Amino acid sequence: MTELPPAIRLESVSRQYTMGESVIRAVNDVSLTIPSGEFLALLGSSGSGKSTLLNLIAGLDRPSTGSVVAHGQDLSKMSSLALARYRRQTVGMVFQSFNLLPRMTLEENVELPLRLAEVDRSERATRVREALQRVGLEKRIGHRPSELSGGEQQRTAVARALVNRPKILLADEPTGNLDSATGEAILTLLREIQKNPGMTIVMVTHERTLAERFADRLAIMGDGKLLSNGAAR
Amino acid sequence: MKLRDLSDLAFRNLREAVLRNSLTTLGVAVGVASLVAMLSLGVGLQQLATSRLAKSGLFDSIFVTPKTNLRGPGAGPPATRTPDAKARLLDADARAEISRMPNVVEVYPQIRFFTEVRYDGKPYATMVAGMPESSKVSGAFDGMQGHFFSSANADEAILQAEFAKELNPQTSSLIGKDLILRYAERQSLGAQGGDAAGSGGFSVVPKEKHFVIIGVVETEPASGFGGFGNGRLLIPLTIAETLRAAQVNDLRDILRGSSSDKPSYSSLTVRVKSPSLVEATEAKLKDLGFSAFSLLDISKTLRGFFKVLDILLVIFSSVALAVATLGIVNTLVMAVLERRREIGVLKALGAADRDVKQLFFVEAAVLGLVGGIVGTVIGWLIGRTIAFGTNVYLHSQNLSSVDISSVPWWLVLASILFAVGVSLAAGLYPASRAAHLDPVQALRYE
């Protein structure tokens, strides 16, 4: 069996902030390898550093020391322009509070990453429709986020994350604002996406039971450090 | 991001805060309007002055006089004086020669003489002036009662209003009436032989000629520099020349010993194709042996004055635009604060700093463009209103109307571009602030 190259490799990654005279180590010397196609759940209590780690993988933040390599690209050495391209082309993001733009319709929200990637207008409509079909919201295409339930809004956010066909999907507490049934539905959707079309997923959550049911592997963080790292089931 | 998508997003954002953005745009519009209104008046006044002066023929004309000066210092009686080798008599030959010079449009003498006019059986003493055909477009006859001479050879007369009132206070009733001009015709003695032959002397014979009054003009077209003295009775120049009326300079001709039967002129007005040709033609005329001078220098001074006026107007009206610029900065800074989370989302989805910066620049440019267009229209309206008010006043004073406001295409274009430029400058700080927002912080912002 040929082993695939890792999708993400973190090497001795630290991220520290200075607040007045004190130094806060949000992420402290974390090394972690995530193979392509894996669904990894990052678990931990509030302030454990899991969201900071996710932001480092997303290229929204840079490590103070160490390196983050995603699909062969060392993010710590990239220019801000190259990082923006990485966020456009390689990763898709889903947030706890959905972060849909309220004055745009679902179609326009999902189209936004395609605009940023300068995809031709003729191709955009097809790709938006495909993405919304994938999450089962093609009939709500002209609605605004405020007209949808929380679950539907999160599915729209998933469609927006998928529309540029990224290799990595990053989800920050995707079920945090949803009831348990809807949260499960969202994780089922993520699991399906992981298998078809095949995607690496890193999900930050504090719901261990859900993580154990849906993720391939759990990485547990505490005080900025990686405490344990093993198969979910 | 492509420009079309940027503009699309920018318009959407501007529509979101429609009241605030409309007020900001209105601020820009007021600034631009004050600029356009002030400049339209500056430009209008300049055009009015320039066209009046151009029509007056003062700036495309050269005034030629003979170089000989009988009263020159150290000059003895003409017989004993050594004549200037280059000095020439300004006679018909000289006139013909000047007419043949390149770029010369017209050469005409200044003919004016005292006369007695008989109208309705009563005598009136006045000054007659011969008007060249070209004076029709000088603007002096604009708004006259009646019309200009039907031809250069018509026995027609135009009266100056003051003189017309002497004849009949109801000046309009004069038109179509007949008047008799009594004048002294110059008849050369030299041509008749005898003792006086070759002396250039002449006799003066009283003559009469009938003219039909065809118009009354308010202004004094024949007055002022290069004109014809206070001409109160204007007749076609060609007719004035054929009258061979005795003029003041005839006496000088005798003293000078001119034996020519051809008339000589105290001065000739030479009109060239454009003011730019005046200088060269003036030099050539001097080379021919005449005295020549023009008013070109005054025109340059006038242009300089209007430049300074325009600069002052721009400085004063720019104050309003400066205030409007602060309004744009304020609006966009507010927008950056309000849209922090949205900027964070855009960055998380892959927007580069450059994309965010451009988005705010497009928004600033749209505010400037709309403000510039609206402001130009308002400024034009203000200019028209002031011009209208001025004309109402002028009419109430029985004066002819003038156009003191002008918005040429370059002013429209320059004001709109200026408004956009100023708005982009105002957008520099907010756009840079938006572009450098930390996406992690921005996404956390509630």
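This text walks through a predicted model, from one chain to the contact between chains A and B.

Begin with chain B. It has 446 residues, and 39% of them count as buried. Its secondary structure comes to twelve helices and eleven strands. How far apart in sequence are the residues that meet? Take the contacts in chain B between residues at least 6 apart in sequence: 83% of these join residues at least 24 apart.

Helix α9 of chain B covers residues 340–348 and is mostly covered, with seven of its nine residues buried. Among them are B:Ile343, B:Val345 and B:Leu346. The buried set also includes the charged residues B:Arg340 and B:Lys347. Just after α9(B) comes B:Gly350, with a positive phi of about 115 degrees.

Now turn to chain A and its helix α6, residues 180–198. Does its length fit its residue count, or what span should we expect? At 1.5 Å a residue, the 19 residues should span 27 Å; the end C-alpha atoms lie 25 Å apart, which agrees. Five names make up the buried set of α6(A): A:Gly183, A:Ile186, A:Leu187, A:Leu190 and A:Ile193. Viewed down the axis, these buried residues fall within an arc of 110 degrees, so they line one face of the helix. The other side of α6(A) is where A:Ala181, A:Thr188, A:Glu192, A:Lys195 and A:Asn196 are exposed. What covers the buried residues? The cover includes α5 (150–162), β7 (168–172), β8 (200–205) and α7 (208–214) of chain A.

Next, the nonpolar cores. The largest has 122 residues, and A:Leu42, A:Ile57, A:Leu170 and A:Val202 touch the most other members. Its largest share, twelve residues, comes from helix α2 (residues 18–56) of chain B. A second, separate core holds 46 residues, including B:Leu159, B:Val216, B:Leu243 and B:Val270. Back in chain A, which residues does A:Ile57 meet beyond its neighbours within four places in sequence? They are A:Ile8, A:Val68, A:Ala70, A:Leu170 and A:Val202.

Last comes the meeting of the two chains. Chain A gives 19 residues to the contact and chain B gives 17 residues. On the side of chain A, the elements giving two or more residues are α1 (50–58), α2 (80–89) and α3 (106–116).

Terms used. Residues are numbered from 1 along each chain as its sequence is written. Chains are lettered from A and ligands numbered from 1 in the order in which they are written. This is a predicted model: local features need pLDDT of at least 70, side-chain atom pairs count only at pLDDT 80 or more; totals for chains, interfaces and linings use all residues. Helices (H or I, at least four residues) and strands (E, at least two) are DSSP runs, numbered from the N terminus. A residue is buried if 20 or more other C-beta atoms lie within 10 Å of its own, exposed if 12 or fewer, and partly exposed in between; C-beta atoms are placed from the backbone. Two residues are in contact if their C-beta atoms, placed from the backbone, lie within 7 Å. A nonpolar core is a set of buried Ala, Val, Leu, Ile, Met, Phe, Trp, Tyr and Cys residues joined through C-beta atoms within 7 Å. The expected span of a helix is 1.5 Å times one less than its number of residues. The arc is that of the directions from the helix axis to the C-beta atoms.
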